[in-house]
Amino acid sequence: MAEKNLEDLFHETLKDIYYAERKILKALPRMARGASSQKLKSAFEKHKEETEEHVERLQQVFEIIGKRPRAKTCPAIDGIIEEGEEIMEAFKGAPALDAGLLAAAQAVEHYEISRYGTLRSWAEQLGHKDAVKLLDQTLTEEAKTDESLTKLAEGAVNTAAQKAA
């Protein structure tokens with residue numbers, strides 16, 4: 001068996017984030033329905049649209065490296081999403097629900113930021129210049145989403161959860 005190299009690792013990690021993005025696409029509408037804050041609902045809906053673009057970009061990256069788009073089960077994102085679902089169930093109707101949903105969404109963003117940063121770096125190392133541009137675009141969007149979620153948490157959601165207590 002041939003020794004695995006950085007190109008193999010890049011491909012495996014690409015399959016991982018492809019799976020994650022597709023799982024996130026399914027989770028975001030549930031999170032939007034569960035949120036009571038209109039601003040949080042809107043943030044989830046906006047991010048769903050962005051995530052659809054992220055999936056398309058990943059498909060382009062697969063094409064650039066000459067592979068067909070395939071997902072590989074990602075236990076990390078499954079766990080993060082499961083935690084979000086547990087929060088929705090445990091805090092349904094509670095004032096802290098939105099704060100919990102927002103925290104779960106940020107856990108997802110941080111995972112994505114980590115993956116996209118790594119993939120962009122490896123694509124650069126491997127000379128996949130077109131992939132670097134696509135991955136960097138998504139990384140920038142994920143960071144902006146995380147920043148806007150932080151502002152939403154600090155500006156309204158966490159305060160509303162605390163006041164209601």
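Visitor: Which residues form the negative surface patch?

Guide: In this predicted model, Glu 82, Glu 83, Glu 86 and Glu 89 form a negative surface patch.

Visitor: What makes the patch negative?

Guide: Its members are Glu 82, Glu 83, Glu 86 and Glu 89, and Glu counts as negative, so the patch is called negative.

Visitor: Where is Glu 86, and why is Glu 86 called partly exposed?

Guide: Glu 86 sits in helix H3, which covers residues 75–90. Its relative accessible area is 45%. Buried means under 20% and exposed means over 50%, with partly exposed in between, so Glu 86 is partly exposed.

Visitor: How far apart are Arg 22 and Lys 41?

Guide: They are 19 residues apart in sequence and 19 Å apart in space, C-alpha to C-alpha.

Visitor: Why is Ala 131 called buried?

Guide: Ala 131, in helix H5, has a relative accessible area of 0%. Buried means under 20%, so Ala 131 is buried. Ala 131 is 11 residues from Arg 120 in sequence and 7.5 Å from Arg 120 in space, C-alpha to C-alpha.

Visitor: Which residues touch the most other members of the largest nonpolar core?

Guide: Leu 14, Phe 44, Ile 77 and Leu 135 do, in a core of 46 residues. At least two residues of this core come from each of H1, H2, H3, H4 and H5. H1 gives the largest share, 12 residues.

How values were computed: Residues numbered from 1 in each chain as written. Predicted model: local features only at pLDDT ≥ 70, side-chain atom pairs only at ≥ 80, totals over all residues. Heavy atoms only, no water. Patch = residues over 30% accessible without salt bridge, like charges linked within 9 Å, V, L, I, M, F, W, Y side chains within 5 Å. Areas by Shrake-Rupley, 256 points an atom, 1.4 Å probe, with all protein chains shown as cover. Salt bridge = Lys/Arg side-chain N within 4 Å of Asp/Glu carboxyl O. Charge placed at Lys NZ, Arg CZ, Asp CG, Glu CD. Helix = DSSP H or I, 4+ residues; strand = E, 2+ residues; numbered from the N terminus. Buried < 20%, exposed > 50% of the residue type's maximum accessible area, 1.4 Å probe, protein only. Core = buried A, V, L, I, M, F, W, Y, C linked by side-chain atoms within 4.5 Å.
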